[in-house]
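This briefing concerns the structure shown below.

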There are 2 protein chains.
Amino acid sequence: MNVSALLTSVGINTGLCAVLLLLYSILRKQPSNVNVYFGRRLASMHLTHRDPLCLERFVPSPSWMVKAWKTNEEEILGIGGMDAVVFLRIVVFSIRIFSIAFVICFLLVLPVNYYGKEQIHHKRISSEQMEVFTIENVKEGSRWLWTHCLALYIITCSACILLYYEYKSISQMRLKHITGSPINPSHFTVLVRALPWSSEESYSDSVKRFFTNYHASNYLSHQMVYRSGRVQKLMTDAEKMYMVIKAASIEQNCKPSLKQHGLCGQPADSFNILPSEDGSVSGKSVVNMDMSKSTKESAAAFVFFKTRYAAAVAAQVLQFSNPMLWVTNLAPEPHDVYWSNLCIPYKQLWIRKIGTLVATIAFMFVFLIPVTFVQGLTQLDQLQQTFPFLRGLLKKKYMSQLVTGYLPSVVLILALYIVPPVMMLFSAVEGSISRSGRKRSACCKVLYFTIWNVFFVNVFTGSVISQLNVFSSVKDIPTQLAKAVPRQVTFFTTYVLSSGWASLACEVMQIFTLFCNLFKRFVLKHKDDSSSGTLSFPYHTEVPRLLLFGFLGFTCSILAPLIVPFLWVYFVLAYFVYRNQILNVYVSKYETGGRLWPIVHNTTIFSLALSQIIALGVFGIKRSPVASGFTFPLIICTLLFNEYCRQRFLPIFKSNAAETLIEMDRKDEQSGKMEDIHRQLRAAYYQFTVASHELCKFECLSHGAQKSSPDPKNVKPGNEPR
Amino acid sequence: MNVSALLTSVGINTGLCAVLLLLYSILRKQPSNVNVYFGRRLASMHLTHRDPLCLERFVPSPSWMVKAWKTNEEEILGIGGMDAVVFLRIVVFSIRIFSIAFVICFLLVLPVNYYGKEQIHHKRISSEQMEVFTIENVKEGSRWLWTHCLALYIITCSACILLYYEYKSISQMRLKHITGSPINPSHFTVLVRALPWSSEESYSDSVKRFFTNYHASNYLSHQMVYRSGRVQKLMTDAEKMYMVIKAASIEQNCKPSLKQHGLCGQPADSFNILPSEDGSVSGKSVVNMDMSKSTKESAAAFVFFKTRYAAAVAAQVLQFSNPMLWVTNLAPEPHDVYWSNLCIPYKQLWIRKIGTLVATIAFMFVFLIPVTFVQGLTQLDQLQQTFPFLRGLLKKKYMSQLVTGYLPSVVLILALYIVPPVMMLFSAVEGSISRSGRKRSACCKVLYFTIWNVFFVNVFTGSVISQLNVFSSVKDIPTQLAKAVPRQVTFFTTYVLSSGWASLACEVMQIFTLFCNLFKRFVLKHKDDSSSGTLSFPYHTEVPRLLLFGFLGFTCSILAPLIVPFLWVYFVLAYFVYRNQILNVYVSKYETGGRLWPIVHNTTIFSLALSQIIALGVFGIKRSPVASGFTFPLIICTLLFNEYCRQRFLPIFKSNAAETLIEMDRKDEQSGKMEDIHRQLRAAYYQFTVASHELCKFECLSHGAQKSSPDPKNVKPGNEPR
């Protein structure tokens with residue numbers, strides 16, 4: 001691939017992105033799309049209806065970018081929660097580090113690469129091969145390899161310093177989030193699983209007996225988790241279907257209406273009553289009582305404690321001499337509970353975890369097939385040999401540039417679209433007790449998957465899958481990587497261009513939701529203006545994507561600096577797009593308090609270490625013992641830095657410190673809030689809100705159309721089992 | 001190597017063992033050796049002096065074996081503590097499983113191996129090559145390989161069943177040990193490290209402030225750890241030297257005398273005052289006060305709590321929002337505290353751990369040199385080529401048999417003797433807070449070391465170290481192992497014979513202590529009858545040895561069944577020897593409550609899995625797809641079984657259950673013992689007992705020669721910093 005092919009790719013992608021962004025700036029102004037592009041605002045009821053038709057509506061404008069730029073972090077924190085802030089921190093961190101890398105690589109590395117071989121006569125830039133800009137162009141034993149080593153040092157050190165301060169600031173933010181946020185029932189609640197079965201007493205009685213016996217001074221009450229039988233499930237499903245059909249025809253004038261989003265591709269994970277009202281608690285508990293009688297207790301319960309500290313202690317200390325009984329965990333937030341997984345017998349969990357791990361690995365390998373196909377496309381001559389009928393077509397210069405420069409990435413992207421749902425399924429089967437836990441687990445799985453399939457497989461297969469056994473030789477990995485990575489750097493550059501830029505444009509366009517909306521509006525003739533469902537931020541797809549590009553950046557920047565500017569553009573664009581999406585589209589239904597960051601940190605360290613290992617291999621091949629010698633301590637220092645961060649920050653993300661919790665408890669006790677909290681606690685966790693539409697009607701009747709803004713102290717019930 | 005060479009080896013070793021055991025049975029009857037062979041009894045003062053001279057003293061007798069056989073587990077538990085029982089359980093488990101393996105291998109596998117190739121004309125048994133008895137003799141594609149597979153299944157299943165019941169019974173024993181044992185101050189005590197430094201208040205004040213603030217209802221008191229400065233250390237050393245010299249000349253008529261064992265090779269880790277007396281506590285606290293004034297507080301403290309549960313909670317819950325400050329752990333037993341490591345700044349610990357890990361691995365590789373040399377000896381022809389002057393010598397049949405059958409093992413054993421002290425040193429540098437922790441860590445290190453150096457290196461080097469890069473190919477490991485292990489089985493058999501049998505004989509003879517004793521008696525003219533020091537059980541050398549032989553047994557039994565009888569003899573002999581040693585020689589100074597067992601369990605699972613992997617490779621080479629197919633699920637089941645055990649039993653070995661602790665607390669409160677316990681607690685941990693000889697004199701003066709048996713409830717002070 002030469003520079004002009006790259007420029008073709010750049011041109012196509014820039015054009016595509018520009019068109020999509022302009023289209024977005026028009027589409028977002030159409031009132032009919034308000035539930036696509038302003039889901040969050042619609043949910044929080046701040047939206048004012050615009051005047052129906054004017055010219056301004058059809059003029060593209062960058063106002064959304066200005067808005068995204070001007071919003072500060074406090075506002076984001078208020079709107080999207082801490083997870084959104086942490087997510088944007090990934091973007092900011094990437095912009096910072098790749099700005100540094102940009103400067104270093106273009107000042108130091110690129111000239112050395114370009115003039116690496118004196119004997120080469122340089123052609124015109126536009127017909128220059130891409131390899132000229134990579135480290136492959138530096139001759140063996142060159143005196144100039146120290147520049148690469150220096151660049152590696154500067155990038156690694158800057159990355160480590162930035163990472164350290166990010167980790168520090170995020171852990172402080174987490175502490176502030178825990179202490180500063182409104183009363184969180186999950187702090188007072190412990191989920192007990194694996195209750196021992198006895199024929200003499202019910203699960204509920206034995207929970208009561210156990211906790212009054214061993215935690216008498218702190219035990220408040222408990223609430224059983226009920227097994228939703230098959231009939232229960234069928235009824236729920238029927239009700240759902242009924243709701244969907246009804247929603248299309250009946251106008252709902254009951255304003256705190258049932259948001260339902262099974263239709264729009266997003267997992268239909270909850271019926272939400274937004275905003276919930278103060279008086280509703282008593283009504284709901286009646287419903288709950290009714291439901292509980294018709295169902296069976298399962299071997300799990302939520303136990304409420306009088307103080308946060310007591311709950312944390314009960315959750316962290318081994319309760320019973322048989323570790324497979326009376327297993328305690330801190331409960332997830334009420335909205336975050338993944339009810340159907342609570343009924344899974346605890347004894348199954350370990351085997352489920354192993355099972356999903358195996359399934360994930362198997363899936364990763366099965367996925368090699370499309371990747372291999374993609375790789376075939378980048379090597380035109382092989383493709384022409386396999387499919388002779390293509391020869392005529394591919395002889396046209398334009399076609400061949402399109403095929404090598406663009407098509408491979410498109411195929412890969414399309415294939416990659418099925419991955420997140422599959423991983424989400426695996427994570428659900430795994431037995432996660434919270435939705436956020438499931439998403440985090442899926443995030444890790446998708447991350448491993450993308451890094452493996454986009455990077456390693458592309459690097460190592462070339463196009464022949466049988467070459468995969470290079471992986472069996474551990475010692476030669478640096479050399480193998482050093483040989484293979486520069487060869488694939490062109491592919492990665494086009495991947496950033498096509499997958500990266502286009503994915504952002506697609507993200508901001510919300511193409512899928514847009515089509516759903518159009519379909520509903522014009523085919524189902526559904527004229528409801530209100531949101532057809534608020535989406536929660538898809539961390540499990542977006543975090544791995546950002547991290548993958550960071551990973552590609554770190555590993556390729558020294559070898560082929562040309563990738564850096566494209567990455568930089570990607571991250572800057574991402575900054576605007578994701579800020580806009582957080583402000584307008586996604587609703588944060590639950591909060592993990594920045595637990596994403598350790599994943600980000602570890603991945604970045606892995607990227608750094610791998611880039612160093614590759615550099616080690618390259619310096620070995622180029623016969624530069626000095627550069628190799630200097631790289632080795634860098635690897636060790638990076639790993640030591642990681643270990644230090646793990647010691648210093650990770651425990652905060654796993655459990656809350658006694659000091660913090662005790663201080664919070666004291667403050668609440670002194671202000672006399674405790675009684676109030678205890679009363680609220682008992683109503684916080686509701687398993688069954690199936691009858692919620694009836695409830696909603698009931699509320700409509702009793703309260704009229706009275707609109708009350710959601711009380712932050714009031715704990716919203718709402719999730720129903722899936 | 002042929003059968004007669006093996007028989008030579010068997011002959012030599014049996015003879016040697018028999019001579020040593022007979023010698024032991026005579027030596028133990030000599031009054032002069034009483035402190036070598038009855039150290040424990042001497043320490044617990046049950047020893048009656050025998051009549052000085054009679055014929056019986058010089059007649060060998062098996063009485064010690066009878067005694068060892070007749071002692072039951074309760075007695076062992078009382079004498080050697082739970083760790084001794086767990087150690088003997090390893091031996092019993094090995095005897096059981098190798099009895100089964102013995103039967104299976106000799107009935108099923110050995111005939112198949114021997115008649116594996118029909119065309120071979122069998123010679124006389126005595127001149128038969130050893131290879132005839134191994135799986136190498138089975139022809140490719142043999143129909144009889146299912147016997148090996150069946151044997152593997154039977155051995156694995158029996159091992160897993162036995163392991164499960166052992167784990168279960170040991171975890172029950174641990175629970176009983178915790179609830180049933182006399183009041184243990186470590187249950188009430190938490191070690192706090194990484195106290196934050198402030199210029200305004202002393203460490204002691206800040207500990208008090210922190211715990212009265214956050215654990216007001218349960219905090220009892222605390223005790224600082226003092227940094228022993230350089231002057232302190234010099235003084236201690238000078239005092240030690242003085243004591244050693246004085247001990248040689250002055251007769252000590254003060255009976256609860258200072259046992260000191262710096263002289264006898266064993267680490268001089270404590271001055272012990274045995275037995276301690278009730279009245280001594282007040283005297284010692286005066287000494288302690290004096291010492292503390294002359295030294296500096298370090299950033300660590302023991303904090304005493306009112307209940308066991310409160311201490312467990314404080315130890316397990318994250319205390320502070322900075323995880324590198326206020327780090328809590330459950331304190332070790334008073335005797336078990338490794339004082340000098342408590343002063344290590346907490347921030348250093350993680351880097352020390354990494355450092356020792358690296359050092360251990362480096363040491364493992366440096367150690368390859370003697371191993372390579374040993375392997376050179378087993379291949380005579382290569383040796384003759386390298387050292388032509390040996391050719392004449394080695395032509396004699398007897399010499400060549402000696403060299404191949406015996407010498408290699410001897411060299412290896414001698415080299416292996418330096419390993420445990422080195423690993424102990426590493427574990428001390430690592431920063432372990434307890435002596436038992438240090439020993440356990442050293443045990444693991446020695447275990448990895450021996451398995452790596454005895455098994456893997458021997459298997460893979462052959463004799464050429466450059467072949468080591470076979471390790472770089474991950475995928476071929478089963479095949480490589482399958483090729484290499486049967487070739488080395490002869491060596492392992494002789495290793496069991498020489499190292500195993502001889503090591504037991506040496507263990508029972510206590511050769512090193514015996515020579516020390518002789519040296520002291522005849523060179524230093526030291527006529528004191530009393531023990532020159534009681535040894536604690538060297539778990540860090542004996543457990544890895546037992547596990548190594550188990551490992552060799554599992555991996556080789558299917559391939560070369562001839563190793564099994566020798567192993568079986570080894571374990572039976574070990575049963576008698578170690579029981580005898582626990583009854584007579586070693587004193588248990590501290591107790592880990594069976595924490596050794598998880599190491600044993602994991603090693604056994606590793607051995608099983610490796611033997612299955614090797615079998616997989618062998619079946620692959622022998623082209624038996626059915627056998628390979630059946631082996632694969634076996635590996636998976638073994639690993640799943642391990643995971644289950646890890647879930648089911650491991651947490652009990654890491655922390656005590658709330659239920660158990662609360663019950664214990666309640667019992668003590670109801671019986672009114674708590675006050676008493678709290679009083680004792682404050683006096684339990686003493687850092688400085690340097691002035692103990694003065695104390696001893698003081699006690700002698702005040703109490704006269706009054707002898708009181710040690711009160712189990714009374715916590716013995718005694719360790720001094722090293």
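A crossing of two helices is left-handed if the near helix is turned anticlockwise from the far one by less than a right angle, and right-handed if clockwise. By this convention, α20(A) passes α23(A) in a left-handed crossing. The structure is a predicted model, in which local features need pLDDT of at least 70, side-chain atom pairs count only at pLDDT 80 or more, and totals for chains, interfaces and linings use all residues. Residues are numbered from 1 along each chain as its sequence is written, while chains are lettered from A and ligands numbered from 1 in the order in which they are written.

**Confidence**

- The predictor assigns the complex an ipTM of 0.79 and a pTM of 0.81.
- Chain A has a mean pLDDT (the predictor's confidence in each residue, from 0 to 100) of 78, and 75% of its residues reach 70 or more.
- Residues 251-294 of chain A stay under 50 in pLDDT, and the model has 93 contacts beyond four places in sequence for them; two residues are in contact if their C-beta atoms, placed from the backbone, lie within 7 Å.
- The pLDDT is also below 50 over residues 690-722 of chain A, a stretch with 72 contacts in the model beyond near neighbours in sequence.
- Where pLDDT is low, the predicted coordinates should not be read in detail.

- The same surface serves both copies, as 100% of the contact residues of chain B recur in chain A.
- Chain B contributes 30 residues to the contact, and chain A contributes 31 residues.
- On the side of chain B that touches chain A, at least two residues each come from α10 (308-316), α12 (346-366), α25 (625-648), α26 (650-654) and α27 (658-670) of chain B; helices (H or I, at least four residues) and strands (E, at least two) are DSSP runs, numbered from the N terminus.
- α27(B) gives the most to this side, with four residues.
- This side of chain B divides into 17 nonpolar, nine polar and four charged residues, where Ala, Val, Leu, Ile, Met, Phe, Trp, Tyr, Cys and Pro count as nonpolar, Asp, Glu, Lys and Arg as charged, and the others, Gly among them, as polar.

- In chain A, the axes of α20 (residues 477-509) and α23 (residues 563-584) come within 10 Å and cross at roughly 15 degrees; axes are lines fitted to C-alpha atoms, for helices over the stretch in contact, and angles run from 0 to 180 degrees between N-to-C directions.
- α20(A) and α23(A) are therefore roughly parallel to each other (angles under 35 degrees count as roughly parallel, over 145 as roughly antiparallel, 65 to 115 as roughly perpendicular and the rest as oblique).
- Residues of α20(A) including A:F492, A:W501 and A:L504 meet residues of α23(A), among them A:F566, A:Y570 and A:V577.
- The contact of α20(A) with α23(A) comprises 14 nonpolar, four polar and one charged residue.
- In chain B, the axes of α20 and α23 likewise come within 10 Å and cross at roughly 15 degrees.
- That makes α20(B) roughly parallel to α23(B).
- The crossing of α20(B) and α23(B) is left-handed.

**Packing of α22 and α23 in chain B**

- α22(B) (residues 539-557) packs on α23(B) at an angle of about 155 degrees, with the axes 10 Å apart.
- That makes α22(B) roughly antiparallel to α23(B).
- The crossing of α22(B) and α23(B) is left-handed.
- Among the residues in this contact are B:L546 and B:F549 of α22(B) and B:I563 and B:Y570 of α23(B).
- The contact of α22(B) with α23(B) divides into nine nonpolar, two polar and no charged residues.
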